[in-house]
Amino acid sequence: MAKIGTSSRVAAAIVAVLGFVLSLAVVCNGGKTSSFVRKVEKTVDMPLDSDVFKVPPGYNAPQQVHITQGDQLGKAVLVSWVTVEEPGSNTVLYWSAYSKKQKSEGKVTTYKFYNYTSGYIHHTTIRNLKFNTKYYYVVGIGHTERQFWFITPPEVGPDVPYTFGLIGDLGQSFDSNKTLTHYELNPQKGQAVLFVGDLSYADNYPNHDNVRWDTWGRFTERSVAYQPWIWTAGNHEIDFAPEIGETKPFKPYTHRYHVPYKASGSTAPFWYSIKRASAYIIVLSSYSAYGKYTPQYKWLEQELPKVNRSETPWLIVLMHSPWYNSYNYHYMEGETMRVMYEPWFVKYKVDVVFAGHVHAYERSERISNVAYNIVNGICIPVKDQSAPVYITIGDGGNLEGLATNMTEPQPAYSAYREASFGHATFDIKNRTHAYYGWHRNQDGYAVTADSMWFFNRYYHPVDDSTSAQ
Ligand SMILES: [Fe+2]
């Protein structure tokens with residue numbers, strides 16, 4: 001008996017030591033939790049009569065003008081706008097310094113949502129544009145014309161430098177306005193924005209007051225009429241409200257924000273891909289089915305092998321709900337999708353995953369958690385140089401306020417976390433290096449509160465960890 005007692009004590013000691021080692025692996029070497037002190041203020045939406053929501057003057061003047069990439073390669077731009085008094089023209093007139101004026105025709109749509117009726121929403125794609133060229137464009141032909149411009153991306157290629165802005169969960173509060181201004185005045189400002197979902201937060205209003213979709217469109221026009229924003233659907237785009245008879249998910253979003261999903265063989269506007277400069281960008285939907293055999297799963301399964309890193313070395317994935325998140329908000333909401341797709345992300349060496357949803361900032365180390373198979377008990381994220389860095393950038397400033405409560409201690413995989421509003425930029429230099437910086441709203445425009453040099457996972461897969469080893 002005594003012998004058995006001793007061996008069980010030894011076994012218990014071994015288990016305790018193992019447990020201690022495992023817990024060390026989880027909690028030790030955690031990154032930085034910022035001690036930045038911010039003024040605690042309630043985040044409130046800007047009132048309807050704010051100057052940023054002003055309706056442009058003139059009869060049937062186009063408003064809420066926004067552009068996004070119109071094809072998979074970057075030779076097309078999709079122009080959208082809203083007219084209110086009458087449908088008016090669907091034509092976009094456009095030209096560059098090297099070409100005569102040309103016209104492109106599009107389509108108009110409207111929708112009703114409970115007691116709201118939308119304006120006339122126009123979507124017109126301009127095709128066969130020259131790369132790396134400034135184009136001017138005019139909408140509102142026949143009534144009040146308004147002129148804007150954009151610059152097409154350079155031709156896709158492995159060493160093409162390009163800078164993306166990153167914004168998520170923007171909303172339309174005073175803080176949202178600060179975030180957008182901070183982005184616009186950032187000297188490293190992006191040439192296109194990767195938007196990780198949750199646009200207007202209109203659904204926080206009674207009956208999802210869609211007037212707040214219109215105000216958001218007018219608020220963001222000052223940026224998105226001039227540079228494309230690449231859209232990701234978030235939970236605030238679902239607008240599912242059976243209690244008021246609105247049972248078709250994503251109705252306002254899909255009427256207002258079109259994306260070139262068919263160009264990448266997708267069958268729905270919630271998951272798709274584009275190439276831009278030296279980046280291949282895959283947009284996924286946290287709120288569409290992603291299990292085995294579903295359309296999104298089958299699409300992604302076929303999509304990842306198509307990525308040619310010799311053409312586009314940088315593989316970037318956008319989604320709304322983060323897979324790695326150490327805040328006590330939306331904890332593990334991204335877990336089921338992680339279980340489905342993380343092995344693919346490691347296999348295909350995704351460089352970085354950007355998500356939103358949690359209203360704060362966090363950057364992970366390169367880690368994976370793909371060994372678990374129900375029976376083996378191996379369920380701890382481990383350092384993995386084939387894995388992406390996961391960045392939560394849901395800190396756009398919407399009316400729901402900051403996520404300030406974090407899990408403690410900071411997990412080892414979390415490199416930096418801070419509950420402040422801001423935006424980020426991902427500045428690709430060539431096929432091997434990209435400089436990433438996060439900008440909190442309280443700082444000067446050129447300041448990065450968190451930064452990292454990314455080494456490309458295909459061309460330069462050496463350890464780019466920022467933690468003290
Ligand atoms: Fe969200």
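**Ground rules.** I'm working with a predicted model, where local features need pLDDT of at least 70, side-chain atom pairs count only at pLDDT 80 or more, and totals for chains, interfaces and linings use all residues. Residues are numbered from 1 along each chain as its sequence is written, and side-chain values use heavy atoms, with hydrogens and water left out.

**Iron site.** I looked up which protein atoms hold the iron ion: Asp198 (OD), Asn235 (OD1), His320 (NE2) and His357 (ND1) are its donors, at 2.1 to 2.2 Å. Donors here are N, O and S atoms within 2.8 Å of the metal (3.2 Å for Na, K and Ca); water is not among the atoms, so sites may look incomplete. Along the sequence I read the spacing as D-x36-N-x84-H-x36-H. Aspartate 198 sits in the loop between strand 13 (192-195) and helix 3 (211-224), while asparagine 235 sits in the loop between strand 14 (229-230) and helix 4 (251-256), 37 residues apart. Helices (H or I, at least four residues) and strands (E, at least two) are DSSP runs, numbered from the N terminus.

**Burial.** Buried means under 20% relative accessible area, exposed over 50%, partly exposed in between (1.4 Å probe, protein chains only). Aspartate 198 is buried because its relative accessibility is 1%; asparagine 235, at 23%, is partly exposed.

**Tryptophan 271.** I found this residue in the loop between helix 4 and strand 15 (272-276). Tryptophan 271 is buried too, at 6% relative accessibility.
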